[in-house]
Amino acid sequence: SRWLALLDGFEAEVQQIAFLRHVDGMSLDEIAQMTGLSSKTVSRKLAFFAERSRDRLAEAPPQSGGTP
């Protein structure tokens, strides 16, 4: 899936944090508790994930079968 392809290439910790936030819908505090990181660190890692993901999506060729 495109989601899994997007996660590929990020370090495991960033993958876990992004998955917990965007798929499981957990809050920053919940993720921090689960991972043992501070909420600020979780927030920074999510910001890094979002920025890099935007860059990757902008560079990716359009998928076939979609609307033009």
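Colleague: Where is G9 placed in this chain, and what makes it count as exposed?

Modeller: In this predicted model, G9 sits in the loop between helix 1 (2-7) and helix 2. Its relative accessible area is 61%, and because the word exposed is used for values over 50%, G9 is exposed. Even so, if its neighbours within four places in sequence are left aside, G9 is in contact with Q15 and R56.

Colleague: Why is S43 called partly exposed?

Modeller: S43, which is found in helix 4 (residues 39-59), has a relative accessible area of 33%. Buried would require a value under 20% and exposed a value over 50%, with partly exposed in between, so at 33% S43 is partly exposed. The C-alpha atom of S43 is separated by 9.2 Å from that of A32, a residue 11 residues apart from S43 along the chain.

Colleague: What makes helix 3 roughly perpendicular to helix 4?

Modeller: Helix 3 (residues 28-35) packs with helix 4 at an angle of about 105°, and their axes are 8 Å apart. Roughly perpendicular is the term for angles of 65 to 115 degrees, so helix 3 is roughly perpendicular to helix 4. On the side of helix 3 the contact is made by L28, D29, I31, A32 and T35, and on the side of helix 4 by S39, V42, S43 and L46. Sorted by class, this contact has 5 nonpolar, 3 polar and 1 charged residues.

Colleague: Why are helix 2 and helix 4 described as roughly perpendicular to each other?

Modeller: Their packing angle is about 90°, with the axes 10 Å apart. An angle from 65 to 115 degrees counts as roughly perpendicular, and helix 2 and helix 4 are therefore roughly perpendicular to each other. Where they meet, helix 2 brings E13, V14, I17, A18, R21 and H22, while helix 4 brings V42, K45, L46 and F49. By class, the contact of helix 2 with helix 4 has 6 nonpolar, 1 polar and 3 charged residues.

Colleague: Which residues make up the largest nonpolar core, and what makes such a set a core?

Modeller: The largest nonpolar core has 7 residues in all, namely I17, L20, M26, I31, A32, V42 and L46. Such a set is called a core because its residues are buried and are joined through side-chain atoms within 4.5 Å. Helix 2 (12-22), helix 3 and helix 4 are the elements that give two or more residues to this core. Taking I17 as one of its members, and leaving aside neighbours within four places in sequence, I17 is in contact with I31, T35, L37, V42, K45 and L46. There is also a second, separate core of 6 residues, which includes L6, L7, A18 and F49.

Colleague: How many helices and strands does the whole chain have, and what share of its residues is buried?

Modeller: The protein chain has 4 helices and 0 strands, and along the sequence the pattern reads α-α-α-α. Of its 68 residues, 24% are buried, and a residue is called buried because its relative accessible area is under 20%.

Technical notes
Residues numbered from 1 in each chain as written. Predicted model: local features only at pLDDT ≥ 70, side-chain atom pairs only at ≥ 80, totals over all residues. Heavy atoms only, no water. Buried < 20%, exposed > 50% of the residue type's maximum accessible area, 1.4 Å probe, protein only. Axes fitted to C-alpha atoms, helices over the stretch in contact; angles between N-to-C directions. Parallel < 35°, antiparallel > 145°, perpendicular 65-115°, else oblique. Contact = heavy atoms within 4.5 Å. Nonpolar A, V, L, I, M, F, W, Y, C, P; charged D, E, K, R; others polar.
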